[in-house]
Amino acid sequence: MRKYDKSIELYKKAVNLIPGGVNSPVRAFKSVGQTPIFVKRSAGSKVYDEDDNEYIDYICSWGPLILGHNYPSVIEEVRKAIELGSSYGLPTKKEVELAKLICECIPSIEKVRLTTSGTEAAMAAVRLARAYTKKNKIVKFEGCYHGHSDSLLVKAGSGLLTFDILDSNGITEATTKDTIVLPYNDIFALEECFKKYENQISCVIIEPIAANMGLILPNIDFLNRLREITQQNNSLLIFDEVISGFRVGISGASGYYNIKPDLTILGKIIGGGYPIGAFGGKNEIMKLISPEGSVYHAGTLSGNPVSVSAGLATIKTLKENDSIYKTLEKNTKYIVDALTKIIKENNLKNVQINYIGSLFTIYFTSEKIENLNNTKSCDTKKFGEFFKFCLDNGIVIPPSQFEALFLSYAHTEIDIEKTIDIFGKFLLM
Ligand SMILES: *Cc1c(COP(=O)(O)O)cnc(C)c1O
């Protein structure tokens, strides 16, 4: 039996010092009825906790670590960067290189501004859209998460969904009255909304691949209609690709589905495990950002040299080896196919799997999951048991039914076979 004594001890201390004992809510393991494991170190596909338990990691820092923990070329660049200084508050050559690389990979981005987190990037992108269109309302979708800025925290996914608090406290009605929330994948609701709020909608912000209510794939007709209707109404389309960017391919979801948004939000992978975010798009829009224009955005650590170096090394590695995405896709499909076979052969009715690229979610329900409403049917108690079973068998998955599992390039064949074995055993229990 695995022991978690040191983690439990740390957690007891932590709850007296940090709200919930953690610095981001889902980490508390609350929704799976556990207390958190405290991580001591990581390498490749594994994390190790304070009790020296080893786990195959399917959290991968919630997405940034597509190459796995401490990928050699990433550490090397980070090491070089830290020797040269921590932060200057002045521009660097590497920022220009990263901007160039992002613009080359994602054709709809002509200019890009770096931030310290995805939250800030989403907040700034919405501000920019309002300034550019001179309209106030924004449209978002139920269960999509765009960070924790006030106007975007309405019916958001991620931790809010996990804890069943769809709207955060502490946000005024005045802030949220201009945020319209629609169901994901619903063309009819989208069209009705544009009729009702004609000439008032500055932008529609969406995760083109929704990965914060578990993984939910977009209906292609819905995405295309979204592009069309925003164009017809002079509203901006903002793709929040903080997870999907550089995850489903080098040009993200916009490349995958061949749809060009007006603005794109990035984060996670572009920092290679270090704090970062970015927003970019057409020059005509981006030139409104200060000091070129009058929309303010700033950051003491924006474009931090260590983050930028890790991001550059990560993106370069992905760009130079197209076998990486192929391997990730092949391995993910292999896991999903093996589990699907078990589900079919044993006529299991209450399991659904959504997947794309190197992301997947196992939902404990008989309902097909295409929007937030469908997720209500999930057996979260069963998920909690699944989580615990995985943990006790050396696999750590996101501690919530409503998150995606992340595969990395470091996951080995042995990891994958063990994963199928453990997941399969649980499904048949
Ligand atoms: C993680 C995430 C964010 C927020 O990024 P932070 O760096 O955590 O602020 C925004 N949008 C999406 C889609 C995300 O997954």
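Q: Where is proline 291?
A: Proline 291 sits in the loop between helix H10 (283-286) and helix H11 (305-320). Helices (H or I, at least four residues) and strands (E, at least two) are DSSP runs, numbered from the N terminus.

Q: What kind of model is this?
A: This is a predicted model, where local features need pLDDT of at least 70, side-chain atom pairs count only at pLDDT 80 or more, and totals for chains, interfaces and linings use all residues. Residues are numbered from 1 along each chain as its sequence is written, and side-chain values use heavy atoms, with hydrogens and water left out.

Q: Back to the proline. What kind of peptide bond joins serine 290 and proline 291?
A: A cis one, with omega about 10 degrees. Most peptide bonds are trans.

Q: What about backbone angles? What is the phi of lysine 268?
A: Positive, about 40 degrees, and lysine 268 is not a glycine. Most residues other than glycine have a negative phi.

Q: And where is lysine 268 found?
A: In the loop between strand S9 (263-267) and strand S10 (277-281). Lysine 268 is also one of the residues around the ligand.

Q: Which other residues are around the ligand?
A: Among them are Ser117, Gly118, Thr119, Tyr145, His146, Glu207, Asn212 and Asp240. To count as near, a residue needs a heavy atom within 4 Å of the molecule.

Q: How far is lysine 268 from an oxygen atom of the ligand?
A: An N or O atom in the side chain of lysine 268 is 2.6 Å from that oxygen. A polar contact is a pair of N or O atoms within 3.5 Å.

Q: What do threonine 119 and tyrosine 145 do there?
A: Threonine 119 places a polar side-chain atom 2.6 Å from an oxygen atom of the ligand. Tyrosine 145 has a backbone N or O atom 3.2 Å from a ligand nitrogen.

Q: New topic. How do H12 and H15 pack?
A: Helix H12 (residues 323-345) and helix H15 (residues 413-427) pack at about 25 degrees, with axes 10 Å apart. So H12 is roughly parallel to H15. Angles under 35 degrees count as roughly parallel, over 145 as roughly antiparallel, 65 to 115 as roughly perpendicular, and the rest as oblique. Axes are lines fitted to C-alpha atoms, for helices over the stretch in contact, and angles run from 0 to 180 degrees between N-to-C directions.

Q: Which residues of H12 and H15 meet?
A: Tyr334, Ile335 and Leu339 are among those in H12, and Ile416, Ile420 and Phe423 are among those in H15. Contact means heavy atoms within 4.5 Å. By class, the contact of H12 with H15 has 10 nonpolar, three polar and one charged residues. Ala, Val, Leu, Ile, Met, Phe, Trp, Tyr, Cys and Pro count as nonpolar, Asp, Glu, Lys and Arg as charged, and the others, Gly among them, as polar.

Q: What about H14 and H15?
A: The axes of helix H14 (residues 380-392) and H15 come within 10 Å and cross at roughly 140 degrees. That makes H14 oblique to H15. Lys382, Glu385, Phe386, Phe389 and Cys390 in H14 meet Ile422, Phe423, Lys425 and Phe426 in H15. These divide into six nonpolar, no polar and three charged.

How values were computed
Polar contact = N/O pair within 3.5 Å; in protein donor to acceptor, adjacent residues only side chain to side chain.
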